[in-house]
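Hi everyone, thanks for coming. I'd like to walk you through a structure today, so let me put it on the screen.

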Amino acid sequence: MDIAYYDEAINKYWIHREKMLGEPIPKHIAKKIAAQREKKGLPPLEATDEPMCKKKKREKPTVDIRKKYEEQPDFITETGGTLHPYQLEGINWLRHCWSNGTDAILADEMGLGKTVQSLTFLYSLMKEGHSKGPFLIAAPLSTIINWEREAEQWCPDFYIVTYVGDRDSRMVIREHEFSFVEGAVKGGPKASRMRSQENMKFHVLLTSYECINMDK
């Protein structure tokens, strides 16, 4: 039985693994990826994506975190979105607080794009080499789908794991989505610490307050 988008999912897995761990993509998979990208009119993978292992070797981030954005950075413009001036100011303020190790509360009124500002702030840390995470986002359960939607739009290179569901669902997520290494998370219904934080599979863990309380 054919599974829809199975080959595409396999290709995306190996691309993601290369980005996070720096492992070379198997040759037979690389050929399929090249053919798929050519069919879609995309440039070769090597021309657009850089393995994370190379990023780890950089001595310094690509941009000074203390430098204020006068206009939105290219990696935001490439998403097709445009930040409002006050949103850019909010991101600058969050970056300033982060660079000084200061806790911060973004307290704009409802509907002014706090979700977008928070996501693009974290995205800027990853894209510029300041930190690749993992970042924890805890939000009301009713807003999780909105966080997913905004992240897909504004942070296309983020790998986000949504950690919600019943006990069995969360167990599967822990065992298969937290790490590339089998057995990095102890199996079973009870949450436990990861044996190692090396080989993390995600940039962002998105969950609800309730799930944190249940699995703390």
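**Salt bridges and a domain contact**

Let's start in helix α1, where E8 and K12 sit 4 residues apart, about one turn of the helix. Keep in mind that this is a predicted model. The side chains of E8 and K12 meet in a salt bridge, at 3.6 Å from N to O. How accessible are the two partners? E8 counts as partly exposed, at 21% relative accessibility, while K12 is exposed, at 53%.

Another of them joins R66 and D64, with the closest N and O atoms 3.2 Å apart. Here R66 is exposed, at 67% relative accessible area, and D64 is partly exposed, at 39%.

Then there is K127 with D157, at 2.7 Å from N to O. K127 lies in helix α7 and D157 in the loop between α8 and β2, so this pair ties together parts that are 30 residues apart in sequence. Salt bridges that share partners also join R170, R174 and D215 into one network.

Now, the domains. The assignment gives domain 1 as 1-57 and domain 2 as 74-215. The contact takes 8 residues from domain 1 and 9 residues from domain 2. Together they bury about 790 Å², with 70% of it on carbon and sulfur atoms. How many salt bridges cross this interface? The rule finds 0, and the count of residue pairs in polar contact is 1. On the domain 1 side, α1 gives the largest share, 6 residues.

Conventions: Residues numbered from 1 in each chain as written. Predicted model: local features only at pLDDT ≥ 70, side-chain atom pairs only at ≥ 80, totals over all residues. Heavy atoms only, no water. Domains from an automatic or database assignment. Contact = heavy atoms within 4.5 Å. Buried area = accessible area lost by both parts, 1.4 Å probe. Salt bridge = Lys/Arg side-chain N within 4 Å of Asp/Glu carboxyl O. Polar contact = N/O pair within 3.5 Å; in protein donor to acceptor, adjacent residues only side chain to side chain. Helix = DSSP H or I, 4+ residues; strand = E, 2+ residues; numbered from the N terminus. Buried < 20%, exposed > 50% of the residue type's maximum accessible area, 1.4 Å probe, protein only.
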